Amino acid sequence: MIPEYFRGTKVPAYIKSKTQLVAWVLTENMGSEPISNWEFVADLHCHRFGGIIHNLRQEGYEITTLPSKKRGLVHYYCTKLPTKKAATIS
């Protein structure tokens, strides 16, 4: 289930998977406060976000994990997006 809104912003209609959703959320919130693990579960309905974050890191996203003072609470913050390689013609 893809939510309609996250933090008051409408989720674009082209988002059809949880991977696209997590990538969009991290990209949209690069300049604002980090996303907590609770927001992934409660607001985005994404219970397996750890695997998605791992895959996004493999794709070139630089995602920082920030521990919290509250036990069990962690925040994620995207610091760099992947660069697209130009196609070369041989």
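Modeller: Let me begin with Phe40, which counts as buried because its relative accessibility is 0%, and buried means under 20% relative accessible area, with exposed meaning over 50% and partly exposed in between, for a 1.4 Å probe and protein chains only. Please keep in mind that this is a predicted model, in which local features need pLDDT of at least 70 and side-chain atom pairs count only at pLDDT 80 or more, while totals for chains, interfaces and linings use all residues. Residues are numbered from 1 along each chain as its sequence is written, and side-chain values use heavy atoms, with hydrogens and water left out.

Colleague: What makes Phe40 and Phe49 a stacked pair?

Modeller: The search of the whole structure finds 3 aromatic pairs. In the one formed by Phe40 and Phe49, the distance is 4.8 Å centre to centre and the planes are 10 degrees apart. Rings of Phe, Tyr and Trp (its six-membered ring) pair if their centres lie within 6.5 Å, and planes under 30 degrees apart count as stacked, over 60 as edge-to-face and the rest as tilted. Phe49, at 12% relative accessibility, counts as buried.

Colleague: Why is the pair of Phe40 and Tyr76 called edge-to-face?

Modeller: The planes of Phe40 and Tyr76 stand at 65 degrees with the ring centres 5.8 Å apart, so the pair is edge-to-face. This pair links distant parts of the chain, since Phe40 belongs to helix α2 and Tyr76 to strand β5, 36 residues apart; helices (H or I, at least four residues) and strands (E, at least two) are DSSP runs, numbered from the N terminus. Tyr76 is buried, with a relative accessible area of 12%, and Phe40, Phe49 and Tyr76 form one aromatic cluster.

Colleague: How do you know whether Asn37 is buried or exposed?

Modeller: The relative accessible area of Asn37 is 16%, so this residue is buried. Asn37 lies in helix α2 and, leaving aside neighbours within four places in sequence, is in contact (heavy atoms within 4.5 Å) with Phe49, Gly72, Leu73, Val74 and Tyr76.

Colleague: Why are α1 and α3 described as roughly perpendicular to each other?

Modeller: The axes of α1 (residues 18-28) and α3 (residues 49-59) come within 10 Å and cross at roughly 70 degrees. Axes are lines fitted to C-alpha atoms, for helices over the stretch in contact, with angles from 0 to 180 degrees between N-to-C directions. Angles under 35 degrees count as roughly parallel, over 145 as roughly antiparallel, 65 to 115 as roughly perpendicular and the rest as oblique, and α1 and α3 are therefore roughly perpendicular. In this contact, Lys18, Thr19, Val22, Ala23 and Leu26 of α1 meet Ile52, Ile53 and Leu56 of α3.

Colleague: How do you know that β4 and β5 pair, and how many bridges join them?

Modeller: Two strands pair if DSSP finds at least two bridges between them, and 6 bridges join β4 (residues 62-67) to β5 (residues 74-80), which run antiparallel. Ile63, for instance, has Cys78 in β5 as its bridge partner.

Colleague: What makes His45 partly exposed?

Modeller: His45 has 30% relative accessibility, so it counts as partly exposed. His45 lies in the loop between α2 (37-42) and α3, and its phi is near 55 degrees, a positive value in a residue other than glycine.
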